[in-house]
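Please read it alongside the sequence and coordinates.

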Amino acid sequence: MLINNDTIIKDNDERIRQISEDVPLPLSAEDEALLRDMYQYVIDSTDEEKAEKFNLRPAVGISAIQVGVPKKMTAIVVDDADKNGDPVRYEFMLVNPKIVSSSVQKAYLSSGEGCLSVAEEHEGHVVRSARVKVHAYDLLTDRMIEIRAHGYLAIVLQHELDHFKGTLFYDHIDNKDPFKEIPGAIEI
Ligand code: CO
């Protein structure tokens, strides 16, 4: 599937609010091809030359509903640092990911969140769980996996899985007080 900034569904299209369904495993050839295309989008989107040439907006994740397919599939590529400050890349092609536990402690990105389906900026704290545990089938490694995520990866996972429910990041922003202090929350 051709995925670029013109074909990605935006929030003025009601399909972005659709609920996504579980995907039968093993994956059909069609579902596998779509998930691989989504992953390639994310990889290529952070390559400046390719992004410019193919009209890609830089992203760390994309979910299938964003290309009009209401199925629980998401591709994520997050570059972060580990405890020692060394660079680490977390990358997944997830099918039917499910949050099985989440911390009471909250976290948010100090710079706020963005989304391929949202053209405008929406400022404010998007308050999420600081840590989540996710179970999924991962096409990249061809196995069932458990992800124990904290920090930026935990935020990205929750953002992408929200798309399965038709939820967008700005739905979490308190319009009356967008930068409200959240006691005990981690600022990332
Ligand atoms: Co998004």
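Phe-169 has a relative accessibility of 2% and therefore counts as buried; buried means under 20% relative accessible area, exposed over 50%, and partly exposed in between (1.4 Å probe, protein chains only). The model is predicted: local features need pLDDT of at least 70, side-chain atom pairs count only at pLDDT 80 or more, and totals for chains, interfaces and linings use all residues. Residues are numbered from 1 along each chain as its sequence is written, and side-chain values use heavy atoms, with hydrogens and water left out.

**Aromatic pair**

Rings of Phe, Tyr and Trp (its six-membered ring) pair if their centres lie within 6.5 Å; planes under 30 degrees apart count as stacked, over 60 as edge-to-face and the rest as tilted. The count by this rule is 1 aromatic pair. Its members are Phe-169 and Tyr-170, which are edge-to-face because their ring centres are 5.6 Å apart and their planes stand at 75 degrees.

**Sheet**

Helices (H or I, at least four residues) and strands (E, at least two) are DSSP runs, numbered from the N terminus. Two strands pair if DSSP finds at least two bridges between them. An open sheet is formed by 5 strands in the order E1-E2-E3-E6-E7, with antiparallel pairing. E1 and strand E7 (143–150) are the edges; each has a single partner strand, so one side of each lacks a neighbour in the sheet. From one strand to the next the twist averages 40 degrees. Strand E6 (residues 131–138) pairs with E7 in the antiparallel sense over 8 bridges, and Lys-133 stands opposite Arg-148 in E7.

**Helices on the sheet**

Contact means heavy atoms within 4.5 Å. Axes are lines fitted to C-alpha atoms, for helices over the stretch in contact, and angles run from 0 to 180 degrees between N-to-C directions.

| Helix | Strands it lies across | Angle to E2 |
|---|---|---|
| H1 | E1, E2 and E3 | about 30 degrees |
| H3 (residues 151–163) | E1, E2, E3, E6 and E7 | about 165 degrees |

Helix H1 (residues 29–45) has 17 residues and should span 24 Å at 1.5 Å a residue, which agrees with the 24 Å between its end C-alpha atoms; the expected span is 1.5 Å times one less than the number of residues. Buried residues in H1 include Leu-34, Leu-35, Met-38, Tyr-39 and Val-42. Their cover includes helix H2 (48–54), strand E1 (61–63), strand E2 (73–81) and strand E3 (87–102).

**Backbone exceptions**

Most residues other than glycine have a negative phi, and most peptide bonds are trans. Leu-25 and Pro-26 are joined by a cis peptide bond with omega about -5 degrees; Pro-26 is in the segment before H1. Asn-55 has a positive phi, near 60 degrees, and is placed in the loop between H2 and E1. Its relative accessibility of 30% makes Asn-55 partly exposed. Asn-96 also has a positive phi, near 50 degrees, but lies in strand E3.

**Cobalt site**

Which atoms coordinate the cobalt ion? They are Cys-115 (SG), His-159 (NE2) and His-163 (NE2), at 2.1 to 2.3 Å. Donors are N, O and S atoms within 2.8 Å of the metal (3.2 Å for Na, K and Ca); water is not among the atoms, so sites may look incomplete. The donor residues follow the sequence spacing C-x43-H-x3-H. His-159 and His-163 are 4 residues apart in helix H3, which means about one helical turn separates them. Both His-159 and His-163 are buried.
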